Amino acid sequence: MSKYLFSIKTFFVLAIILLCSMQTMAQKKYTEKDLAALKQTLMQTVAGKSKDVQVMVDQIFSFAELGFQEVETSKYITSVLTKNGFTVENGIANIPTAWMAKWGSGSPVIALGSDVDCIPKASQKPGVAYKAPIVEGAPGHGEGHNSGQAVIIYAAIAMKELMEREKLPGTILIWPGIAEELVGTKAWYVRDGYFKDVDACIFTHVSGDFNSSYGDNGGNGLVSVRFDFEGEAAHAAGQPWRAKSALDAVELMNVGWNFKREHLKPTNRSHYVIVDGGDQPNVVPSKASVWYYFRERTYEDIKMNYESGIKIAEGAAMMTNTKMTHQMLGTAWPGHFNKPLAEAMYANIKKVGMPTWDEKDIALAKGVQALVEAPKKDQQGNPIDGLNSTIDTLKGSVAFSWGGGSDDIADISWNLPTIVLRFPANIPGTKGHHWADAIAMATPIAHKGSLVGAEATAMTLLDLFTKPSLVVDAKKYFKEVQTKETQYIPFITKNDPPAIHLNKEIQGAYRSQLEKFYYDPSKFGTYLEQLGVTYPTIKKP
Ligand SMILES: [Zn+2]
């Protein structure tokens, strides 16, 4: 009996010793000097992956896929992740092109995300400072979302190598901003629990600047809603009095909303496209649809405008004796980002510094700025002239904003500590959502900008995996500052499906033509080489 007791005792003592040693391993302490040396190593590892970064940036550029149709993009990226030891769950949140990739184990759990979709009618040859579509009318990367995955993936792979060597515990997740232009997925990922056990999230987005920020970024949130009207067809000349025009309802709704504009706050941004206006003039349209983005600065104001939109649509249906239904297609909250994480990222941005631009990069930038008649100064009053060579200051919450764009990363940022790294892979002074924004996106400007982005991301990962206090501080800011008075209330319900049908027809119409131009890195050093573009080409020959 006593012998038996002794062995139990020995077992517990041994177990405690083992647990304690595991604990010390997990809490391996690094001095600032150790960390500085590790960061140096990490930066060199990422720099050694510059070829991989270029290939990924060019490859995704060549796929040119719109939101929810990122089929080739998704296949390609997940295969790179799998080859590098990540386990991939495909089709998350019932979105076929979405995934969640995972490597490592234990805490902290750090998620890295970036968008992948492109812009309609933005097909453009890179490196050419005049309109030269690869495929006329086709989608193209006129936002630069082809660059962000290389930033996070090669940062993660470099960090993974270091974690293996240093035996650091922790989990890295990599996920895509599918259909960001439709703000169509991130609120769904949150709703379906994919960020439930994540400690912090680093999101990256292409920019002309190299920075991060915290607090209220001054952007708008939105709801994206399609209104469908159904009436009755009739011969438009023979017996128009027997028709109920769905198109009339769409037009009356637009008139109603445009009168409403006078009584909206100046921070409102709302816009619409008529996605179905009927088939031909001699048939009174029995079906018609209009698609609205209602944007505002706060949850309350977005909700108010959304409700007004529905009321006006009901009014239009009543006037035309048609039936109206509406469907939520996308949503984004107004953005708010984490201060301790942004400070950590900014310190690393300063260590990395801006890329070294050469004469060719600057010549292309100036050519594009002349082409788009870029303003002389940006909204902060900084000059726009070629490429940025200095790093902006770290900015906190805006005191006031007239409103602006949106990104559904905000839905993640209201659920866990999140920041956005803006990396300098595009030319300042462009219009956004335009073919000219694609010009730099498969050139050395995008390659160099993505590489420095990856370096800063890798170093911030190192901070998160080696300094437990950073995660603690990030959570404290999230709890005690960010969400002290504001509670996240999603605009989507439990039942709203993701709008995965969007863009199917447009992408389908161009896919076979675009396929001929997919980048083949086994044959060509760069996509510029494959397309036979002399970098840069400023004037039309
Ligand atoms: Zn974007």
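1. A word on naming before we start: helices (H or I, at least four residues) and strands (E, at least two) are DSSP runs, numbered from the N terminus. This is a predicted model, in which local features need pLDDT of at least 70 and side-chain atom pairs count only at pLDDT 80 or more, while totals for chains, interfaces and linings use all residues. Residues are numbered from 1 along each chain as its sequence is written.

2. Let me begin with the backbone just after α8, where N321 takes a positive phi of about 60 degrees. N321 is not a glycine, and its place is the loop between α8 and β10. Most residues other than glycine have a negative phi, and most peptide bonds are trans. For burial, the count is of other C-beta atoms, placed from the backbone, within 10 Å of a residue's own: 20 or more makes it buried, 12 or fewer exposed, and anything in between partly exposed. N321 counts as partly exposed because it has 13 C-beta neighbours inside 10 Å.

3. V183 is another residue other than glycine with a positive phi, here near 35 degrees. You will find V183 in the loop between β4 and α6 (186-191). Is V183 buried or exposed? It counts as buried, because 28 C-beta neighbours lie inside 10 Å.

4. Now to α8 itself, which runs over residues 299-320. The helix has 22 residues and reaches 32 Å from its first C-alpha to its last, close to the 32 Å expected at 1.5 Å a residue. That expected span is 1.5 Å times one less than the number of residues. The buried residues of α8 are D301, I302, N305, Y306, G309, I312, A313, A316, A317 and T320. They cover an arc of only 155 degrees around the axis, so they lie on the same side of α8; the arc is that of the directions from the helix axis to the C-beta atoms. On the face turned away from this buried side, α8 carries the exposed residues E300, E307, K311 and M318.

5. What covers the buried residues of α8? The cover includes β7 (221-230), α7 (246-260), β8 (269-276), β9 (287-296) and β10 (323-332). Contact here requires that the C-beta atoms of two residues, placed from the backbone, lie within 7 Å.

6. Six strands form an open sheet in the order β1-β2-β4-β3-β5-β12, with mixed pairing. The edge strands are β1 (87-90) and β12 (418-424), each of which pairs on one side only. Two strands pair if DSSP finds at least two bridges between them. From one strand to the next, the twist averages 20 degrees, with axes as lines fitted to C-alpha atoms (for helices over the stretch in contact) and angles running from 0 to 180 degrees between N-to-C directions.

7. Within that sheet, I would follow β2 (residues 99-105). Strand β2 is mostly covered, with 5 of its 7 residues buried. It runs antiparallel to β1, with 4 bridges between them, and T87 stands opposite K102 in β2. Strand β2 is also antiparallel to β4 (residues 170-177), to which 5 bridges join it. Across this second pairing, W103 has I172 of β4 as its bridge partner, and G104 stands opposite T171 in β4.

8. Please check two cis peptide bonds with me. One joins S107 and P108, with omega about 0 degrees; P108 sits in the loop between β2 and β3 (109-115). Another runs from Y535 to P536, with omega near -10 degrees, and P536 lies in the segment after α15 (527-531).

9. On domains, the assignment gives domain 1 (50-218 + 334-487) and domain 2 (221-332); such bounds come from an automatic or database domain assignment. The two centres, taken over C-alpha atoms, are separated by 34 Å. Across the boundary, 13 residues of domain 1 are in contact with 14 residues of domain 2.

10. Finally, V71 lies in helix α4 (residues 71-83). V71 is partly exposed, with 14 other C-beta atoms within 10 Å. Not counting residues up to four places away in sequence, V71 touches E65 and T97. V71 and L514 are 443 residues apart in sequence and 13 Å apart in space, C-alpha to C-alpha.
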